[in-house]
Amino acid sequence: MASLPAVLKSEWTKIRTVSSTTWTLACALIVTVAISAALCALMRSQFDDLKPAEKLTFDPTFISFSGMILGQLAMVVFGVLVVGTEYSSGMIRSSLAAVPRRGTFLFAKLTVATLLALVVGMATSFLSFFLGQALLGPHRTTIGEPNVLRAVVGAGLYMALIALFSMGVATMLRSSMLSLGILMPFFFLISQILSAVPGAKNVARYFPDRAGSQIMQVVPDAMNSDPAPYGPWGGLGIMVLWVIAALAGGYLVLRKRDA
Amino acid sequence: MIELEGLTKRYGSKVAVDHLSFQVKPGVVTGFLGPNGAGKSTTMRMLLDLDNPTSGTVRIDGRHYRELAEPLKYIGALLDAKAMHGGRTAYNNLLCLAESNRIPAARVSEVLDTVGLSAVAKKKAKGFSLGMGQRLGIASALLGDPEILMFDEPVNGLDPEGIHWIRNLMKQLAGEGRTIFVSSHLMSEMALTADHLIVIGQGRLLADTSMADFIRQNSRSFVRLRSPQWERLLDVLNQNSVPFLQTGDGAIEIDNGRIEALGELAARHQLVLHELSGQQASLEEAFMQMTAGSVEYHAHGATTPGGPPPPPDRGAGRQAPNWGAHDQGRGV
C-alpha cells in the first residue's frame, strides 16, 4: 500500500507545477468578484426602479454572488484540467505505474485539488461579499445578520463542490475536451435556460448548480423567485448527491477500464 | 524476476495476447521480439497492471503489481516517450513521480544526469524531441533504482549516439544483476543487446530461447548456384545425392555445401555457372520466417502469396528447425 502522505505530496507537486492551476483559479476569483461588484453597483443605482415584490424580497447577500454564474465556469475548467490532462498527456500511465492503487491515486488527487478549490472559493465568496456590500450602500447587509455568514461560507463550499463535480465527470469521461464540451454548455446554458421554461423548471431546480446555489440566499425565494421545495442545506445536500454520483462513476471507470 | 502465466487479453473477439507464459530472469537482457501488432505493448501494459488481463496472471518477484508498496523501487518502465505532462518541466515531471514513492528529490537530478538531460531539466517537456522524450522516459524508469527494468522500443527516435548509449546502459544494468526486459520489432537490434529471446506473433509465444541457441539454429549457411543449364544441374545434383532447395528467382541453394566440392563437380560435368557463392542467412530473415509462419497459421492456412519474405521452396528434405521448448504457437 502506497503511503498516502507521499501520494498527497506528489499530487500537490503536480498541481502547483502547471500553469493552468494559476490561471483557472485566478479567473474564478477575479471574474466572480468583478461581475458581482458591477451588479451590486448597478443595483444600488436602479433600486428605486424595482417592483415592490422584488424590493420586499431583496437579498443583498445573494446579489453579491451574482458573478458566480460566470466565475464557476473557471472552476469547472480547473476541475476538468486537473484530471483531464493526466489522460491527454499520457501521464496517467506513469502515474498509475507509480501508484497502482486506483482508490489511493484518485483520493489523493481529488483531496489536494478540492482543498485548493475550497481555499480559493472561500476567498472568492468573502471578497465578493464585502466588496458587494460596500457598493450596495444603503441597501447593504452585514456579516452579523442572521444566516448571512452561512450564505457566504456556503458560496465558498459551492465553488469547491462545482470543481469536485467536474473532476468526477472528467474521471468518468477521461478527456478534457469531452468533459468541457458537456459541462460548460450545461452550467452556462442548459441549466439557465431550463430553469426559465415553465415545464422544465421543476426538473431544473434539482440540477447541481440550481440546488446548490440555494445556500447563498439569505432571503428565501430571493428577488421574488419561485419558492424552492428545499431549504439552503437541503439544496446543498442535493448538490452533494450529484458530486457523490460523479465521483462513484469516475472511480468505477478508473478501476475497470484499461489506462 | 517477472512471471507470466497464461496471460490473455481479448478486445471483443480479437485476441491480442493469447495464453502467454514465460519468465524473465535476472542478470540478463531479455529481448521481447515480435512484429508490429504482435501484442508486445499490451503485454507490457498488463505487467504494470495498467490494462486488466482477460485471464491469466503476472507476478513481479512473486507478487501482483498492485501489492507492491512503492512499485517504482521494484520495477521501472519506459512505455511511451509521451507519458509526461508537456506543461511541466522535465525535473518536475520526475519529481512528482519520485515523491509518490518516497524517492528523495536528489535522485531526480541524478537520473537526469545519467540520461544526459541535466541541461534541459528546467525546460517544459512539450518542447522535447522524440529522442529527448525517450531519455526522459528512461530517466523515470531509473528513478527508484529498481531491480527490474522494462523498456518498450527504447531505440525509437534515438540518434545513433543515443542508440549506442541505450545498448550500453542495458548491458551495464544487466551486469549489475538486474532483470532487463526490452521489446523491439527489429531482430538486428536484439542480436546486439539481448542474451535471451522471447518471440511472439499474433499474441502467441513462438520462441523462448537463449540468443546463442537462436543464432546457432537459425544462421543457416549455404551455397548458392545459378546456371543457364539449370535442368542438367538438377540432374547432376540428384545423381550425386546432394540435397538442394530451389529458390523463387531461379537459383539453387545447398545447405552446408562446400564451395570447392560443388565447383569441381560442376567442372567435371562441364556445366556453365553464373554464380557460385557461399551465403549466410540473416537472423532478420529467420525471425521474419518465424513470425510469417504465425500469420500464415491464422490467416491463410498453407501459403502466403506475396508475403513479406519470399519463402524459398523448401523442397528437398529441409529439417524444421527447433525453436526451443515452447513451440506450440508455430503453425508450420
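Analyst: A word on the record terms comes first: UniProt positions are given here in the numbering used for this model, feature names are shortened, and annotations may be inferred rather than shown by experiment. The model is predicted, with local features needing pLDDT of at least 70, side-chain atom pairs counting only at pLDDT 80 or more, and totals for chains, interfaces and linings using all residues. Residues are numbered from 1 along each chain as its sequence is written, while chains are lettered from A and ligands numbered from 1 in the order in which they are written.

User: OK, which residues of chain A get "transmembrane region"?

Analyst: An unreviewed UniProt entry lists residues 21-42, 62-84, 105-131, 151-173, 180-200 and 233-254 of chain A under that name.

User: And how much helix is there over 21-42?

Analyst: Residues 21-42 of chain A are 100% helix and 0% strand, with end C-alpha atoms 32 Å apart; helices (H or I, at least four residues) and strands (E, at least two) are DSSP runs, numbered from the N terminus. The span 62-84 of chain A is 83% helix and 0% strand, and its end C-alpha atoms also lie 32 Å apart.

User: How many helices and strands in chain A as a whole?

Analyst: Chain A has twelve helices and zero strands, and its C-alpha trace spans about 65 × 40 × 30 Å along the principal axes.

User: Which residues have the most contacts inside the largest nonpolar core?

Analyst: Those are A:Phe78, A:Ala163 and B:Leu94, in a core of 146 residues, to which helix α8 (residues 148-173) of chain A gives the most, namely 16 residues. Such a core is a set of buried Ala, Val, Leu, Ile, Met, Phe, Trp, Tyr and Cys residues joined through C-beta atoms within 7 Å, and buried means that 20 or more other C-beta atoms lie within 10 Å of a residue's own, with C-beta atoms placed from the backbone.

User: What does A:Phe78 touch?

Analyst: Leaving out residues up to four places away in sequence, A:Phe78 touches A:Thr24, A:Leu25, A:Ala28, A:Ala117 and A:Ala163, where a contact requires C-beta atoms, placed from the backbone, within 7 Å.

User: Switching to chain B, how is it divided?

Analyst: Chain B has domain 1 (2-211) and domain 2 (220-280), with bounds from an automatic or database domain assignment, and the C-alpha centres of these two domains of chain B lie 47 Å apart. The unreviewed UniProt entry lists "domain: ABC transporter" for residues 2-227 of chain B, a span that is 32% helix and 29% strand.

Definitions and conventions
Buried ≥ 20, exposed ≤ 12 C-beta atoms within 10 Å, placed from the backbone. Contact = placed C-beta atoms within 7 Å.
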